[in-house]
Amino acid sequence: MFVDQLINGIVLGSIYALMAIGYTMVWNVLRFINFAHGEVYMGGAFVSLYLLLLDTPIWLAYLGGVCAGAFLGYLMEKVVYMRMRKAPKLNLLIAAIGISIVLQNVAQYIWGATPERLNSPFLSKNFTIADMEINQHYVFIIILTILVMIVLELFMNRTLMGKAVQAASQDINATQLMGINANKIISITFAIGSAVGALAGILVGPVFLVYPTMGVFAGLKGFTASVMGGMGNIPGAMIAGLLLGIIESFAAGFISSGYRDAVAMVILLFILLVRPQGIFGKIIQQKV
Amino acid sequence: MSIDLHNDSAILTIQNLSKSFGGVKAVNNLSFSVLQNNIHAIIGPNGAGKSTLFNLITGVIKPDMGNVQFLHQDITSLRPDKIAQHGVSRTFQNIRLFPDMTVFETVLIGTYQFTGGNLLPAFFRTKTFRNKESEAKERIEETLKFVGLWDVRNEYAAQLSYGNQRRVEIARALATNPHLLLLDEPTAGMNQKETQELMSLFSEVNQQGITILIIAHDMHLVYSLSNQITVINFGEKLAEGPPEVIQNHPAVLEAYMGRAETHA
Amino acid sequence: MHSKKLVVKKMVMFLVLAFLLVGCSAKNSSTGSSNSASGDTLRVGLQAPMTGDNAQYGQDMKNGVELAFKKINSEGGINGKKLELIVGDDKATPSEAVAVVNKMINNDRVKAIIGGYNSSPTLASQEVSGPAKVLHLNMGASPDLSKTKNPYLFRVILTGSVYVPAVMNYMAKEKNVKKIAAIFENTDYGITMYDAAKQSTKDLGVDFITAEKYNPGDKNFSAQLSKIKTLKPDAVMVVGLYNEVALIEQQAKQAGLNVQFFSPDDSMYSEQLIKLGGDAVENHIFASMIDLNANTPQMKEFKALAEKNNVPAQANTAIAFDAAMAIAKALEKGGGNADKDRDALANIDISGITGPIKFDKNGDRSNTPMIMQVQNGTFKVIKDSE
Amino acid sequence: MIQTNKTVYRKFLLILGVIALFFLPLAVTNPYVMYVINLILIYTLLALGLDLIVGYTGQVSVGHGAFFGIGAYVAAILSKNLGFSFWVNLPLSIILTALIGFIIGFIGLKLIEEYLVMATLAFGTIIWLVFLNWTDLTGGPMGIAGITPPPPIKIGTFEFVFFQYQDYYPLLLLFVFLGILVTRLIIRSGFGRACTAIRDDELAAQSMGIPVFKTKVIMFTISAAFCGAAGALYAHFLRVVSPETFTFSMSVTILTMVMIGGQGSIAGAVIGASILTVSSEALRETPELRMIIYGFLIVVMIMFFPKGIMGLFQLVKRRLQKRTIQTPETTPEKEGLSYEH
């Protein structure tokens, strides 16, 4: 039971970590919470599902979903957020809530509310280690998450574009002065964050199904993880995501499964009040 | 308030005040006193920590070290609203008005501590409440006439001319019935005439027994208006004294005037 | 400051938006707000989940009722009046059910209501339809629906107190299970079905070793399943709808819990179960009141009709078809008078796709269920009804 | 100021209109229309409550659906388990919701902007999960049905029974008027002005001696109390409560009402509640379309008209006034801030 919950926790945690990256990256460049990030997660999964219905090879369908997610994030930014650069942050947040309602219901309008299962080549197979059985798809999720994290770290630290994104997170205006196109950096950030978010949705699709409101709680938990890790702190978000998944699984297993989702919310409240800079810390812009 | 206000006694005393932001020392071990009924000016180059000093005095930010005493009371750890209620009022470097309020309403906010607060009396419109309210109205009328805004009292404050917006801010600050008025670059961006008018307004305010602490860039204004000047640079006190002394202080000339001239 | 141009631009945009909203509202309300039914139509309401996790059921039921109405209307309607269907989405929740039944009764003036599918919404909404004297023929499984003392409430499916003993008997006698773990939906349906199952264990010599709950719409059952796994049961009873049954069995397989799964009733009898569950739902056993492969004339007629109208012939489609036929018969006999309609439905005796339709004094049918199993991705009868 | 004949005349008309509104059921025969009107009244109360904190104080909450739920569940539980009547449940609901509102406000209002939004969201979700999972008390997903209607009001031999929707209408209308009255009193008081000052410029307000945190918490508590009252009315009116009514989307719906009607305006709250309730009932058959429109409206409104319908009216009005009347004595009419009566 302990090991079972630990594995479940790590799998969930991987998903939360992937989601948290999107929140944290957008925060870095724009200092606001892209509330509609959960809908990118949903959108990516739906596009993959749709591509599979068209008999696309499974890997291509997955890739298509990731690209669609990236495009969705890019679109959100271009159509709405970019036109609101001078608006109060709160207005941006409300706009994001609006976008998320629109996307959820557009998905429901197109694909219906009935949950569908995304195919996975691994789902029906289990590894047997000693007395334990571990599903292959779970292993796939964990491996892919680690891979994404490594690639992201390399991108941020080893490429020019990554460095520009990092510079933008220090001070977007200064970046602009230095001749880097700030809008381009913001677009890239949205696209990358959203691609990772969409990947999370696609990975979850075979296990917890694909349906229009799937992004709501995943988004909340990804956000919780990003706050836990310290807003703007990418490695922090990854570790916090894993931690959150594990805590949640144990709480569900040993306390009550009905309050599973409440665990993350309580942690979120607690962190916001007690340590708003997150466990791993990063200075949060104060309003004076 | 009946506090013994001797002339020449310190109304505000700042001791060893320090504040740093992410390693940069905005205010560093600063000490000085503002005497009763003075017009005390703070000067210094841009980024010298003048506005930070005001924010520290009014409690908007808390110092890392040191303390602020107002009328012999330690106000360092008090909230800004408590400090305002003690009798310290201020204006802001970038005018901060309430965009949806008329001039009258804006100034009314300044009387909050005398009229506002309790909801229940307002609900039942008790006699004391109504008395207080009409008192406040009278005082606002007085203040608005004093600063010369009575005619525009029903216009939106944010839509007035720049000079008049400054006046609204000053009227609002005066409505809190302060002992000490902090003015953060009140004449910035104004023409000669407007500056002159404001200067005479400050003198009148001062004559009513209100001590003024003013940040200014306009040297002419500083020298002709104030009777005490503190010069700060890099958050530290560089010199202090009456205008005649500061005018010829070598360190000031070097650090401040020299740079000001090259910039000009 | 706003320039004049900007204000004009904003006004125009605002007007466009306003028209959009009003237009959409008007278009939709025009169908429903013309009050009492006009002379030549009779309105019947369908209370069912049309959106959300249970939307598939609502769609199936809608298809069934529409088929029946089409058939009746093409044969001349009842007493010269055409039947018209008013669909109300109860979202499988009690408060929406009350709201939507309210609307159907007061605004659309329906003569009868078919549905709801879920027990809790039906229990809540019958408190509105009862005092309004509107026939309410529901498809909830909870035994509590027999205890409402609402004379206008009838049930087209079998009650849980018939389903449960049948399947428990089978599991104990044929499958020789002794230790059963239960996982059920935390609603009237799940709780009362579990209670009924627990009562039947006394005579059968089986035991419930644990009872885990979940909320409708849950997707992650790993906590409950790993608890169950450590107790090593002979079988697991799942009380739930197809989404949950499919996910639970899928996740059980992933966790290495490979035992016999069964359900007390046919709430998961839907193609969607196979689609979502795949291999994981293979061998699932449940009690059912209908077999879509039955070789009866009624079933053949229904399937032909479904095929002609391009509608998937699902279990709930067939049951809703029967419900619609029964309601139509009652309305024909009662002639639109509330009490006469009720008496007509109470004394009805017709043979439908789901067998003879007769109601006892509680408004329940007394047919016996058969036992079915998922085999090679299809639903097979493994024990006929007695 | 001396009241002119015109304002006396206007006041008279207003009172007449208010009285006339009570007799609306005589004109409306369709019970369903009555039901929708009653819903509008309940939502108006919610929108008024949320507007106090969003529109007048500038603190956004997406957890007010939970306060609505607490009010409703308190009334439902008291009615069902203890057999209390509506008249006992209503004050208890208000007090308890206000108390929880105070606690949440006290914890959450220390946070700034989006952190407050996230905290209220977390709070709302937790409350919803409690409704859903505390089966013994709340009935879990089944909710609580069979809540008793308010007891008949007896005046001499005359008995007023709450049975049909039109019977509830005067009661609900009374509470809406009470809500409007309380709102007006609050926003016209020094306390209300202080809230507006906080909304417009927190730092300037605090520097003028306004205790910002305390003021916000008091307003948040009052705002929650409004939702508590609406909840108790809702429970006794619909006579069934279940958890999914009080999810995040309820909070968003109330917020949308405030945003579309126009923040910081009583008329805006009424307009917003009416438009959204009517459109949501009209779009009942296509709920996803309705939510798409909601979402779209939220985005467009916040992008282009952050002050909603009333803001637009005011913009036009201000322009018209500027053009026609040049006399300095005119006071721009503005909800909540006009000082002279």
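What follows is a dialogue on reading features of this predicted model.

Colleague: Which conventions apply here?

Modeller: Residues are numbered from 1 along each chain as its sequence is written, while chains are lettered from A and ligands numbered from 1 in the order in which they are written. Because this is a predicted model, local features need pLDDT of at least 70 and side-chain atom pairs count only at pLDDT 80 or more, whereas totals for chains, interfaces and linings use all residues.

Colleague: What does chain C average in pLDDT?

Modeller: The term pLDDT is the predictor's confidence in each residue, from 0 to 100. Chain C averages 85, and 90% of the residues score at least 70. Over residues 25-37 of chain C, however, pLDDT stays under 50, and for that stretch the model has 19 contacts beyond four places in sequence, a contact being two residues whose C-beta atoms, placed from the backbone, lie within 7 Å.

Colleague: How many helices and strands does chain C have?

Modeller: Helices (H or I, at least four residues) and strands (E, at least two) are DSSP runs, numbered from the N terminus. Chain C comes to 12 helices and 14 strands. Of its contacts with a separation of 6 or more, 69% join residues 24 or more positions apart.

Colleague: Which residues have the most contacts inside the largest nonpolar core?

Modeller: A residue is buried if 20 or more other C-beta atoms lie within 10 Å of its own, exposed if 12 or fewer, and partly exposed in between, with C-beta atoms placed from the backbone. A nonpolar core is a set of buried Ala, Val, Leu, Ile, Met, Phe, Trp, Tyr and Cys residues joined through C-beta atoms within 7 Å. The largest has 412 residues, and those with the most contacts inside it are A324(C), I327(C) and I42(D). Leaving aside neighbours within four places in sequence, I42(D) is in contact with residues including L172(D), A230(D) and F237(D).

Colleague: How does β4(B) pair with β5(B)?

Modeller: Two strands pair if DSSP finds at least two bridges between them. β4(B) and β5(B) (residues 73-74) pair in the antiparallel sense over two bridges, with F70(B) opposite Q73(B). Their hairpin has two residues between the strands, and L71(B) takes a positive phi near 50°.

Colleague: Where does chain D touch chain A?

Modeller: In this interface, 30 residues of chain D are in contact with 34 residues of chain A. On the side of chain D, the elements giving two or more residues are α5 (113-133) and α13 (287-304), and α5(D) gives the most, with 13 residues.
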